[in-house]
Amino acid sequence: MYRKLFAAGLLSLALTSCAEEKKPAVEDIPLTTYKSASCGCCTLWIDHARDNGFAVTAMDVDDLNGVKNRHDIDPRFQSCHTSVSPEGYVFEGHIPAKLVRRFLQNPPEGAKGLAVPAMPPGSPGMEMGDRFVPYQVLQINADGSHSVYAEINTADQQY
């Protein structure tokens, strides 16, 4: 009798340990995103960022140029929305969330942030069916210089 109970207990323990383990919760990375209230693609990019582990606070502003000027974002790097991390790094435009995360995990020395100038079709938030145009993610530096941080040649590379 005791052997059967002991065996049943061991079996129950073994089955419990084989069950799928819960993954530990990963803390969301905070970002504040400044955008126009009427911009739908900005809202879609915010959804993309939230779906990929960012706690985005969306701020509708009337003067986006003022935000960009305060963060010293050169017009050639500008897009429709500007995100700012608590550390003060800026992320301009439709940057894949995975690249924002990579940058924040290991910020390059002298870097101010990343930018995807304009609004490339097929980038996160700018999805247009199967339409995709390759684009570059630029690293913008505090000294005013820039370099290519990543090249996105296919839609799959964004995720």
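Begin by selecting Thr-43, which counts as partly exposed because its relative accessible area is 35%, a value that falls between the 20% and 50% cut-offs. The model is a predicted one, and in it Thr-43 belongs to helix H2, made up of residues 40-51.

Next, select Ser-85, in the loop that runs between strand S3 (82-84) and strand S4 (90-93). Is this residue buried or exposed? Ser-85 counts as buried, because its relative accessibility is 4%. Displaying side chains shows a polar contact, at 2.9 Å, between the side chains of Ser-85 and Glu-87, while Ser-85 also touches Pro-30, Leu-31, Phe-91 and Leu-104, if residues up to four places away in sequence are not counted.

From Phe-91, move on to the aromatic rings, where ring pairs link Phe-91 with Tyr-89, Phe-103 and Tyr-149 into a cluster. The aromatic pairs come to four by the ring-centre rule. For the rings of Phe-132 and Tyr-135, the centres are 6.2 Å apart and the planes stand at 55°, so this pair is tilted. Tyr-135 is buried, its relative accessible area being 7%.

Finally, select Arg-101 together with Phe-54: Arg-101 lies over the face of the Phe-54 ring, at 5.3 Å from the ring centre.

Key
Residues are numbered from 1 along each chain as its sequence is written. This is a predicted model: local features need pLDDT of at least 70, side-chain atom pairs count only at pLDDT 80 or more; totals for chains, interfaces and linings use all residues. Side-chain values use heavy atoms; hydrogens and water are left out. Helices (H or I, at least four residues) and strands (E, at least two) are DSSP runs, numbered from the N terminus. Buried means under 20% relative accessible area, exposed over 50%, partly exposed in between (1.4 Å probe, protein chains only). A polar contact is a pair of N or O atoms within 3.5 Å; within protein, one must be able to donate a hydrogen and the other to accept it, and residues adjacent in sequence count only if both atoms are side-chain atoms. Contact means heavy atoms within 4.5 Å. Rings of Phe, Tyr and Trp (its six-membered ring) pair if their centres lie within 6.5 Å; planes under 30 degrees apart count as stacked, over 60 as edge-to-face and the rest as tilted. A charge sits over a ring if NZ of Lys or CZ of Arg is within 6 Å of the ring centre and within 35 degrees of the ring normal.
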